[in-house]
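Reader: Please show me the structure, and then let me ask about it piece by piece.

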Amino acid sequence: MAFNEPVLTKRIPTPPFGSFADRKLNTYEDFVRTGGYESLKKAVAMEPSDIVEVVKASELRGRGGAGFPAGMKWSFLPPQDGEPRYLAVNSDESEPGTFKDRMLLDFDPHLLLEGIAICMKACQLDTTYIYIRGEYHAQTKILENAINEAYANGIFGDQSIMGKVNDRFPNCYVHRGAGAYICGEETALLNSLEGKRGWPRIKPPFPAVAGAFGRPTIINNVESLAMVGPILLNGPQWFKSMGVGRPEGAPPQVPASYGPKLFGISGHINRPGVYEENLGITVKDLIETYGGGMRHGKKFKAAIPGGIAMGVLGTDQYDAPLDFDIGKKFACLGLGTAGVIVMDEDTDMVAALRNIVRFFSHESCGQCTPCREGGNWMYKTLCRIEQGDGTTKDLDLLLEIAASMGAMPGTTICGLADGANWAVRTFINKFWDEFESRVKPSVERVIPLAVVQ
Ligand SMILES: Cc1cc2nc3c(=O)[nH]c(=O)nc-3n(C[C@H](O)[C@H](O)[C@H](O)COP(=O)(O)O)c2cc1C
Ligand code: SF4
């Protein structure tokens, strides 16, 4: 189905359906007047397990980066045991190039709060902590005001239309981070929430079993939760009529890329912003239809599909469809956050990669040796190449260090190091000629015979 009806941007004017200039904050009254909280009313009349089944049937995949099916995650919770159970909302949004959750918080915070309330009811979670990026000062205020409105109007608290959830009146709090990228990783987020150092935890146990304060916890991204209300209201089939289905003949356990999605687009284009489209829109269409085309009429050179942790798409991958399968088909890590960064023909790929690696090196929490040491080593090597002092051996060295890093080769606790690995390997492999043109041929050191003997 063509994307012809805004869903997440229903109340947020967005081209081509509306103008950025007409955007304004939707209050509780605005939200309710335009059909808001109808979905929660529906949820209140349902059995919790039936709500989980609807989300499962929709095959909604997490919008925070990893694309894990939300309904499946919700069904991993153990049975209730009388003790507290939590929802942690990941609003850390520190991935460079990513600013989609901020748009939802800025203009339609109740869409998130409705999704939160439905998730609490479905999973029987009594307390929600919205973990928000430290730099989001304005958004924290907006969220706090919206939460106050929600308490005053019987969404949360002892007057909640949900009554008691997990034998307690449902509560929702905002918790501010302090600006560390790593605290977006779900287990680092939990440690930070508990007042500890923001270090990722070794999994298992997974948060659904032992999360915040050792209790079962669901962690979902802002956009994932914002999508839950429209799904419950319109049904899973409506959701699955958008986006990209399973390849023909694929078994049902292969997750597809259904639904609309927020795409952030920035870099060398004319009209940066957050747009809503079906999953599967190509990079080309996103740039030309939504981004207003390449800036100054320059040629497309490369694009980062969804935050810098995903690696890069090459010049010949302009037609790549932005769905959850992009990693397998176009040799990058994945769709990530769908925060697309566009680079034109004048971009210095060595400098771009040096900048990216510096970020990962700086943000490493330091627990794992390959990430702590490898990031800094790669950064120094790239600086050397950029200054004209690198050799061909440095390129091999970069690829070797990158390949030894990350949770995928199984040498680190979390995925931050994977991000550095994929950035390095895709930039160098897809722009080999440019990197090679910036280094000198390596001269093997000739060891005098006398020394060898
Ligand atoms: C280094 C790192 C940073 C991350 N940062 C974020 C973030 O800012 N926001 C987010 O939603 N997920 C982030 N994630 C992914 C989370 O760990 C987790 O998968 C996500 O919050 C789950 O929500 P979802 O299933 O709704 O996508 C990050 C992961 C890693 C490895
Ligand atoms: S991979 Fe890096 S950021 Fe993640 S836990 Fe290990 S050292 Fe920390």
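What follows is a set of questions and answers on domains, sheets, helices and some backbone details.

Author: This is a predicted model, in which local features need pLDDT of at least 70 and side-chain atom pairs count only at pLDDT 80 or more, while totals for chains, interfaces and linings use all residues. Residues are numbered from 1 along each chain as its sequence is written, and chains are lettered from A and ligands numbered from 1 in the order in which they are written.

Reader: Into which domains is the chain divided?
Author: The domain bounds come from an automatic or database domain assignment. The chain is divided into domain 1 (20-238), domain 2 (260-344) and domain 3 (349-437).

Reader: How many residues of domain 1 are in contact with domain 3, and which classes do they belong to?
Author: Two residues are in contact if their C-beta atoms, placed from the backbone, lie within 7 Å. By that rule 10 residues of domain 1 meet 8 residues of domain 3. For the classes, Ala, Val, Leu, Ile, Met, Phe, Trp, Tyr, Cys and Pro count as nonpolar, Asp, Glu, Lys and Arg as charged, and the others, Gly among them, as polar. On the side of domain 1 that touches domain 3 this gives 8 nonpolar, 1 polar and 1 charged residues.

Reader: What is the order of the strands in the open sheet with parallel pairing?
Author: Strands (E, at least two residues) and helices (H or I, at least four) are DSSP runs, numbered from the N terminus. Two strands pair if DSSP finds at least two bridges between them. In this open sheet of 4 strands, the order is 3-2-1-4.

Reader: Why is one side of strand 3 and of strand 4 left without a neighbour in the sheet?
Author: Strand 3 (171-176) and strand 4 stand at the edges, so each has a single partner strand. Angles run from 0 to 180 degrees between N-to-C directions, with axes as lines fitted to C-alpha atoms, for helices over the stretch in contact. Direction ignored, neighbouring strands of this sheet are turned by 20 degrees against each other on average. The reason asked for is the place of strand 3 and strand 4 at the edges.

Reader: Which residue of strand 4 is the bridge partner of Tyr 86?
Author: Strand 1 (residues 86-91) pairs with strand 4 in the parallel sense over 5 bridges. Leu 87 stands opposite Ile 218 in strand 4. The bridge partner of Tyr 86 is Thr 217.

Reader: Are the residues of strand 4 buried or exposed?
Author: A residue is buried if 20 or more other C-beta atoms lie within 10 Å of its own, exposed if 12 or fewer, and partly exposed in between, with C-beta atoms placed from the backbone. On one side of strand 4 are Thr 217, Ile 219 and Asn 221, on the other Ile 218 and Asn 220, and both faces are covered. In strand 4 (residues 217-221), 5 of the 5 residues are buried.

Reader: Which helix lies across strand 1, strand 2, strand 3 and strand 4?
Author: The helix in question runs at about 150 degrees to strand 1, and strand 2 covers 127-132. Its residues are 109-123, and it is helix 6.

Reader: Which strands are at the edges of the sheet with mixed pairing?
Author: This open sheet of 4 strands has the order 8-7-10-9. Its twist averages 30 degrees from one strand to the next. Pairing on one side only marks the edge strands, strand 8 (273-278) and strand 9 (300-304).

Reader: Which residue of strand 10 is the bridge partner of Ser 266?
Author: Strand 7 (residues 260-267) and strand 10 are paired in the parallel sense over 4 bridges. In strand 10, Ser 266 has as its bridge partner Ile 341.

Reader: At what angle do helix 16 and helix 17 pack?
Author: Residues of helix 16 including Leu 395, Leu 398 and Leu 399 meet residues of helix 17, among them Ala 420, Val 424 and Ile 428. The residues of this contact divide into 8 nonpolar, 1 polar and 1 charged. The axes of helix 16 (residues 392-403) and helix 17 (residues 416-430) are 8 Å apart, and the angle is about 145 degrees.

Reader: Where is Gln 124 found?
Author: Most residues other than glycine have a negative phi, and most peptide bonds are trans. Phi of Gln 124 is positive, near 55 degrees. Gln 124 counts as partly exposed because it has 18 C-beta neighbours inside 10 Å. Gln 124 is in the loop between helix 6 and strand 2.

Reader: Which residue does a cis peptide bond join to Pro 204?
Author: Omega of this bond is about 5 degrees. The second residue is found in the loop between helix 8 (186-193) and strand 4. The residue joined to Pro 204 is Pro 205.
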